[in-house]
Each structure stands twice: as structure tokens, then as C-alpha cells.
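Have a look at the sequence and the 3D view, then follow the points below.

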Amino acid sequence: MIRVVLVDDQELMRVGFRMVLGAQDDMEVVGEAGNGRDAIKLAEDLRPDVVLMDVRMPVLDGVEATKAITEAGTSKVLVMTTFDLDEYALSALRNGASGFLLKDTPPGHLVSALRSVASGDAVVSPSVTRRLLDRFLGPGGGELRDASVLDVLTEREREVLVLMAQGLSNTEIARKLFLSEATVKTHVGRVLAKLELRDRVQAVVLAYETGLVRPGDV
């Protein structure tokens, strides 16, 4: 059973999410909060598998709450945002979120995303994630990190990281590089381990921050 905490300052949003998740045989909503401070307390007390987190809230926003929850290691966080070009969403990813969804995401996609995050994967939307990164890690988006951090990767692992950052799934990477999907999964795991990254989202952000992939690359 996947235990979920809903965090949104709009009660109607929480009601809608609760109805969707309550209809699933493998999910249970164990708590709700209307601000980030209460979300942190619930995560500490209930230790849910996933916190579905809004970003713009009173008292304490979802970015700070995400950082506190992921640093404590109590739960994984899946961020919700209203706009696909939301600076808060990228900040949440940098602070430990395992991905983000738009609030108008179809119910089936929401359920699938929660299952993915609960299983240890990350939700990286090829289109929305790329637009966020293009906007906030592009020209004028901040200084690049020292790319020497990538020197631990083999040439093949760097290729895989580039394709991950371009939004390709393991299946698509396998097809492009003429590899088996199992081999790609192994390469992805090695990339994360060598770079000491928690998940695919952090790998994508790092690829942009080091200049390995630049906005507009295809």
C-alpha cells in the first residue's frame, strides 16, 4: 500500500486528489496539510511513502518544506504546480523533489507518477522539464558548475546522461544507442552512483548546470 500525504492550501484541490487516490486499491491518503510547516510535521509523524506537494502556500512554501522532508529522509516528494514554467518547481527539484506534475494532469498520469516515485523512480516529463530547464538554466539563469565533476563518467555514461537530460526514456535511449534496455538501466544506475545523485531528476539538472547539455539541444 502506497501511503500518501496531500499538501495544498486549496481544500477543493485536496478533495479532488483524495477522490482519485481513494479509488486505487494500492493507495491510501493518510494525511492532509494546507501549508509547508504542517506538511513537515505530518511527514515526521506519519512517514508516508510520498508527499504530493503544492509549491505556493502560506506560512511556509512547498520548496522549503520539500527540502526539509527530503533532507530528513522521511518521504519522497512529488511537486504540483499550476504553470509549466514555474520557477518554484525547479527550485523544488533542486531541493530534493522526485519530480513534478501540473495540477491539470489527468488522473491516470497522477496515479502512475505516484507509483513511480514510491518505487524509487523519478518523474521527468520530457516536454515540461525541458522547458523549465531551458528557462531557468539557460542564458542568464546562473553560473555553470565546474564540469570536472563529470570526469568520473565513461564516454558511454556521458552519452546516456546527455540523452537523459534531453528527456528520453530508457527505452528511447536503448533504441538510439542500439543497446538493450537492461544495459541502459545499468548505465543510468552507474551515472547516479558515480555522481552521487539521488535520482534521474538530479542527473538532468546537473547535466544542464555543468553545460553538458544546453538549452535548445536536441
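By class, the lining of the second largest pocket holds five nonpolar, four polar and one charged residues. Here Ala, Val, Leu, Ile, Met, Phe, Trp, Tyr, Cys and Pro count as nonpolar, Asp, Glu, Lys and Arg as charged, and the others, Gly among them, as polar. Please keep in mind that this is a predicted model, where local features need pLDDT of at least 70, side-chain atom pairs count only at pLDDT 80 or more, and totals for chains, interfaces and linings use all residues. Residues are numbered from 1 along each chain as its sequence is written, and side-chain values use heavy atoms, with hydrogens and water left out.

**The second largest pocket**
- This pocket has a volume of about 160 Å³. A pocket is an open set of points on a 1 Å grid over the protein atoms alone, where a 1.4 Å probe fits, with protein on both sides within 12 Å along at least five of seven lines; lining residues have an atom within 4 Å of a point.
- Grid points are joined across faces, edges and corners, and the volume is the space filled by probe spheres set on the points.
- Among the residues lining the second largest pocket are Leu-101, His-109, Ser-116 and Asp-121.
- Helix 5 (residues 107–118) contributes the most to this lining, with four residues. Helices (H or I, at least four residues) and strands (E, at least two) are DSSP runs, numbered from the N terminus.

**The largest pocket**
- The largest pocket has a volume of about 440 Å³. It is lined by 22 residues, and the closest to its centre are Asp-121, Ala-122, Ser-169, Asn-170 and Arg-200.
- Helix 9 supplies the largest share of the lining, five residues.
- The lining of the largest pocket has nine nonpolar, six polar and seven charged residues.

**Strand 4 and its neighbours**
- Five of the six residues in strand 4 (residues 76–81) are buried, meaning under 20% relative accessible area with a 1.4 Å probe, protein chains only.
- Strand 3 (residues 50–54) pairs with strand 4 in the parallel sense over five bridges; two strands pair if DSSP finds at least two bridges between them.
- Strand 4 also runs parallel to strand 5 (residues 100–102), joined by three bridges.
- Val-79 is the bridge partner of Met-53, and Phe-100 in strand 5 is a bridge partner of Val-79.

**The whole chain**
- The protein chain has 10 helices and five strands.
- Of its 218 residues, 46% are buried.

Notes
Buried means under 20% relative accessible area, exposed over 50%, partly exposed in between (1.4 Å probe, protein chains only).
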